[in-house]
Amino acid sequence: MRKHVHTLWLALGLLALAPSAGSADDAPAEDSLAETWVAWQDELSEPIDWAYGFALRSRDVRPIEHERRRLLAEIELVGQTMDIAGRPEVAQALGAWSNTVEAMEAAPEARSAERLDLPWLLANLRHAPAAANIEHIGYCTPPDWVELWSLDGVDRHEWTPGMTLQDLLAKPPRAALRGTDTAAVVSPLGEVHEFGVAPWNRENTAIAPGTRVMAHLHIRDLGGSVEGDLLNQRLPRFLATRLPGDNCTIRKMP
């Protein structure tokens with residue numbers, strides 16, 4: 001009963017904000033993504049955890065795969081540069097990054113790096129895309145891990161209640177964060193935020209299960225190349241296109 005009351009409330013919200021009949025023309029309005037979410041939630045036996053809901057815009061399918069290939073090329077180039085420069089530990093870490101990105105599938109194991117979950121759409125209905133422009137929607141069961149990209153490679157650590165960014169950064173060897181001044185925190189919602197992590201600018205924030213954190217490489221670990229400078233920006237943005245868990249349900253849009 002509670003599920004149907006909840007769905008009815010969502011439907012009424014959509015109806016209240018929808019254009020009135022005859023206000024523009026007689027052409028039938030396209031179904032919005034918000035309406036699709038409401039209909040799917042009504043079919044499910046359990047409510048969706050919206051912190052782990054996602055969607056992939058059709059227009060993003062090819063750009064995400066292109067970004068993955070470009071990122072792999074940049075990681076390889078920086079790794080080779082650091083190997084030649086006598087920094088094999090950096091090259092080894094970048095090799096682990098490359099292997100992890102290589103194993104990350106393109107669509108359907110991808111999402112648009114933006115909030116397209118139902119609560120956000122209900123608060124921003126005028127920005128809700130048409131369902132016809134969506135490749136798929138889905139949601140994940142909240143995982144039990146958080147992921148850290150550092151000079152120690154790529155590691156998943158057990159998430160614990162109340163866990164913070166500083167808790168996570170205390171787990172790898174100190175050398176893995178050598179020279180790191182900032183870190184990018186990629187939330188399960190696909191949002192990227194930057195925080196100071198050095199003694200002089202240290203910040204802290206709570207992190208949810210499924211969060212991915214990249215400890216930004218210091219300039220000396222980037223080989224002085226344009227590719228290296230962009231790596232600190234591009235990798236977090238790419239990680240925001242990954243699904244926020246391992247046990248996910250995806251619904252292909254017609």
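Helices (at least four residues) and strands (at least two) are DSSP runs, numbered from the N terminus. By that rule the protein has 7 helices and 8 strands.

**Figure 1. Overview of the predicted model.** The structure shown is a predicted model. Of its 254 residues, 47% count as buried. The protein exposes about 13200 Å², and carbon and sulfur atoms supply 53% of that area. Among contacts with a separation of 6 or more, 77% join residues 24 or more positions apart.

Figure 2. Helix α4 covers residues 88-103. Its 16 residues should span 22 Å at 1.5 Å a residue, and the end C-alpha atoms are 23 Å apart, which agrees. Val90, Ala91, Ala93, Leu94, Trp97, Ser98 and Val101 are buried in α4. Seen down the helix axis, these buried residues fall within an arc of 160°, so they line one face of α4. The face turned away from the buried side carries the exposed residues Gln92, Asn99 and Ala103.

**Figure 3. The largest nonpolar core.** In soluble globular proteins, nonpolar side chains tend to be buried together. Here the largest nonpolar core holds 21 residues. Leu94, Trp97, Val101, Trp149 and Leu235 touch the most other members. Elements giving two or more residues to this core are α3 (61-84), α4 and α7 (226-239). A second, separate core has 19 residues, including Val38, Leu44, Leu121 and Tyr139.

Figure 4. The 24 residues of α3 should span 34 Å at 1.5 Å a residue. The end C-alpha atoms of α3 are 36 Å apart, which agrees. Buried residues of α3 include Ile64, Leu71, Leu72, Ile75, Val78 and Met82. The buried set of α3 also includes Glu65, Glu67, Arg68 and Glu74. Gly79 of α3 is buried too. Just after α3, Gly86 takes a positive phi of about 80°.

Figure 5. A search of the whole structure finds 4 aromatic pairs. In the pair of Trp37 and Trp50, the ring centres are 5.0 Å apart and the planes stand at 85°, so the pair is edge-to-face. Trp37 lies in helix α2 and Trp50 in the loop between α2 and β1 (53-57), so the pair ties together parts 13 residues apart in sequence. Both Trp37 and Trp50 are buried. In the pair of Trp40 and Tyr139, the ring centres are 5.4 Å apart and the planes are at 55°, so the pair is tilted. Trp40 belongs to helix α2 and Tyr139 to strand β2 (residues 134-140), so this pair ties together parts 99 residues apart in sequence. Trp40 and Tyr139 are both buried. Trp37, Trp40, Trp50 and Tyr139 form one aromatic cluster.

**Figure 6. Glu30 in the loop between α1 and α2.** Helix α1 spans residues 2-17 and helix α2 residues 33-43; Glu30 sits in the loop between them. Glu30 has 59% relative accessibility, so the residue counts as exposed. Setting aside neighbours within four places in sequence, Glu30 is in contact with Glu35, Ala130 and Ala132. Glu30 and Ala132 are 102 residues apart in sequence, yet their C-alpha atoms are 7.8 Å apart.

**Figure 7. Glu89 in helix α4.** Glu89 has a relative accessible area of 35% and is partly exposed. Not counting residues up to four places away in sequence, Glu89 touches Leu151 and Arg178. The C-alpha atoms of Glu89 and Leu151 are separated by 7.6 Å, and the two residues are 62 apart along the chain.

**Figure 8. His157 in strand β4.** Strand β4 covers residues 153-158 and includes His157. Buried means under 20% relative accessible area. His157 has 18%, so this residue is buried. His157 touches Asp144, Trp145, Val146, Leu148, Leu168 and Lys171, with residues up to four places away in sequence not counted.

Terms used
Residues numbered from 1 in each chain as written. Predicted model: local features only at pLDDT ≥ 70, side-chain atom pairs only at ≥ 80, totals over all residues. Heavy atoms only, no water. Buried < 20%, exposed > 50% of the residue type's maximum accessible area, 1.4 Å probe, protein only. Contact = heavy atoms within 4.5 Å. Areas by Shrake-Rupley, 256 points an atom, 1.4 Å probe, with all protein chains shown as cover. Expected span 1.5 Å × (residues − 1). Arc of directions from axis to C-beta. Core = buried A, V, L, I, M, F, W, Y, C linked by side-chain atoms within 4.5 Å. Phe/Tyr/Trp six-rings, centres within 6.5 Å; stacked < 30°, edge-to-face > 60°.
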